[in-house]
Amino acid sequence: MNPKKSIVEKTFQGVFFVCGVLSIALVAGIAIYLIVSGIPAIAEVGPARFLLGQTWNAGKGEFGILPFILTSILGTLGALALGIPLGVFAAVYLSKFAGKRLARVIRSAVELLAGIPSVVYGLVGMIVLVPAVQRAFSLSSGATLLTASIVLSVMILPYIINVTSTALDAVPKEYEEGSLALGATETETYFRVSLHAARSGVAVAIIQGVGRALGEAMAIIMVSGNVANMPHPLGSVRFLTTAIVSEMSYAPYGSLHRNALFSIGLVLFVFIVLVNVVLSLVVRPKEA
Amino acid sequence: MNSFDVDILNLWYGDNHVLHDVSLGIPARRVTALIGPSGCGKSTFLKSLNRMLDLVEGVRIEGSVLFDGQDIYAPGVDVTTLRKNVGMVFQKANAFPMSIYDNIAYGPRIHGVRKRGELDELVERSLRDAALWDEVKDRLTKSALGLSGGQQQRLCIARALAVGPQVLLLDESTSALDPISTEKIEELVSRLKRDYTVVMVTHNMQQALRVSDYAAFFLLGDLVEFAPTERLFNSPGDRRTADYVSGRFG
Ligand SMILES: Nc1ncnc2c1ncn2[C@@H]1O[C@H](COP(=O)(O)OP(=O)(O)OP(=O)(O)O)[C@@H](O)[C@H]1O
Ligand SMILES: [Mg+2]
C-alpha cells in the first residue's frame with residue numbers, strides 16, 4: 001500500500017470523525033441545555049400543573065401550558081388535514097399527468113414556495129386571510145386557529161409535494177403497467193398502486209410537514225391572535241412557539257416566568273424528538 | 001372461431017416501422033406461440049392486442065385488430081373493459097408491493113367486487129388455477145415480494161386470471177425461471193386453454209412444441225409463417241422458418 005496515500009486517507013478519516021462528533025456534540029449540548037434550563041420551572045410549578053394547567057397568566061404566577069400544547073397539536077392537525085390531500089393530489093398530478101414542460105414550471109413554483117421566508121407567509125396571511133376569515137364567519141377578529149392552520153398548510157405544502165412526487169417518480173413503471181393491464185384506469189392505478197408503493201415516501205413527507213408546522217412561529221404569530229386561550233377553531237390562540245417568542249423579551253432574568261418559557265422550549269423539543277423517532281421508524285427499511 | 005382477427009397491421013415507433021402487414025387469426029381456446037429472433041416485434045405484436053401500446057409515446061398503428069369481432073382501435077372503445085377481457089402477464093414478474101391476497105384481489109376490487117366472501121373465493125380459485133395455492137395458502141397476508149421469482153410469476157398469472165379474462169397474453173413468462181417453475185407454468189398453460197385463449201411469446205422452441213397448438217414465426221417485423229405448431233416445426237412452408245426452428249439462425 002502507498003504510504004503517502006494512507007496518510008492522506010488517515011487525515012481525512014480523522015476530519016470526518018471530528019465533524020461527526022461535533023455534530024453529535026452540538027445536538028447533545030442543545031438537548032442538555034434545554035433540559036437543565038427547562039426542568040426548574042416545571043419542578044417549581046409541578047409537572048401536572050405545568051403541563052395540564054389551563055391558564056397561563058405570568059402576572060398572577062399561573063403557568064399552565066395546556067392551551068399551548070393543544071393549540072400546537074390542533075393547529076398542526078388542521079394544517080395536515082388541509083395540506084395532505086392538496087399536496088398529495090398535486091404530487092400525483094405533477095408526477096403522472098402533467099406534461100414535461102408544465103411539470104418543470106410547477107416544480108420551480110413549488111421550490112419557490114419552500115424558499116419564501118415565513119414572515120412573508122405571515123404578512124400575506126394577515127392581509128388576505130385574516131379579513132377573509134373574519135368576514136366568512138362574522139367574527140370580531142379573523143386571527144384564529146383556523147387561519148393559522150391554513151397558513152401552516154400552505155407552508156408545509158412544498159414539502160409534501162416535493163417528497164411525495166419524488167417518491168412517486170421512483171415507483172417502477174412495471175407496477176403501473178401491471179395495474180393498467182388488469183383494466184384499471186390511470187387514476188385508479190396512480191392512487192391504488194403508485195401511491196401505495198410510494199407510501200413510505202408519503203409518510204416521510206407528512207412527518208416532515210409535522211416537524212415544520214410544530215416548529216413554525218413567525219408566520220402564525222401574525223395570524224393567530226396570540227391570546228393564551230384554550231383552543232377553538234374560530235378563537236384567537238397561542239402556540240408553544242409563539243408563547244416563547246411573545247414573552248421572552250420582557251420576562252426578567254432568573255424569574256420563574258422566564259424559566260417557564262424555557263420549559264415550554266423543552267416541551268417543544270420533546271415533541272420534535274418524538275416526531276423524528278416516528279420518522280426514523282417509518283424510514284427504516286422493512287421487508288415482508 | 002377466432003379470438004382475434006388481425007388484418008394488415010402496421011406499426012411504427014416514431015419512424016421505426018416494426019410490424020409490416022401482419023395478418024392472422026388467433027383461434028379461441030387454443031395456445032398460440034409467437035416465436036422469432038430478438039427484436040422482431042413479438043412483444044410489440046402482443047401488446048397491440050390489449051392496447052398496452054397506448055402508453056408508449058409516438059406509436060402509430062394502421063390496420064385492424066378485431067377482438068370477438070369488435071375493432072379494438074375503433075373510437076369509443078373502452079380500453080379498461082378490453083384489458084379486463086384480455087389479460088397480460090409480463091416478461092418480468094411485477095407483483096405489487098402488497099400482500100399476496102391484495103395482489104390477487106386488486107383486479108376484482110377495481111372492477112367492483114366488494115364482498116369479502118366473494119373476494120376470498122376468487123383469490124383461492126385464481127391461486128389454485130395458477131398452481132400456487134398450496135405454496136401460499138398459509139401466508140396470504142404476507143408481502144408478495146417475499147415470494148420466489150417463479151412464484152411471483154405464477155402470482156402474476158393468478159392476478160390476471162382473477163379478473164376473469166377470456167384471453168391471456170404471456171410474454172416470455174418462463175424465460176427467467178428454473179426448470180421446475182417452468183414446468184409448472186407450462187402445465188398451467190396446457191390446462192388454461194380449456195377456458196382461455198392463450199397467446200405466448202417464447203424463445204424456447206421445445207416449449208413452443210410442448211404447449212402450443214399454433215405457432216407464428218416473426219422475422220424483422222414480418223409474419224413469415226403461421227400454422228399449427230406441429231406443421232410449422234416439422235414441415236415449414238418457408239425456408240426462413242425451417243432455418244429458425246432448426247436453430248440455424250436466431
Ligand atoms: N417503446 C419502444 N420505443 C421505440 N422502439 C421500440 C419500443 N419497444 C420496442 N421497440 C423496437 O421495436 C422493435 C421490436 O421490439 P419488440 O420488443 O417487439 O421485439 P421482441 O420480438 O419482443 O424482442 P425480444 O425477443 O428481445 O423481446 C425493436 O427494434 C425495438 O427496438
Ligand atoms: Mg419481447
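How many residues does the contact take from chain A and from chain B? In this predicted model, in which local features need pLDDT of at least 70, side-chain atom pairs count only at pLDDT 80 or more, and totals for chains, interfaces and linings use all residues, side-chain values use heavy atoms, with hydrogens and water left out. Residues are numbered from 1 along each chain as its sequence is written, while chains are lettered from A and ligands numbered from 1 in the order in which they are written.

The contact (heavy atoms within 4.5 Å) takes 20 residues from chain A and 25 residues from chain B. The area buried between the two chains, that is, the accessible area (1.4 Å probe) that two parts lose on being put together, summed over both, is about 1900 Å², with carbon and sulfur atoms giving 65%. Between chain A and chain B there are zero salt bridges, a salt bridge being a side-chain nitrogen of Lys or Arg within 4 Å of a carboxyl oxygen of Asp or Glu.

The area buried between domain 1 and domain 2 of chain A is about 1000 Å², of which 79% comes from carbon and sulfur atoms; Leu34(A), Ala41(A) and Phe50(A) supply 49% of the area that domain 1 buries against domain 2, more than any other three residues. Between these domains of chain A, too, the count of salt bridges is zero.
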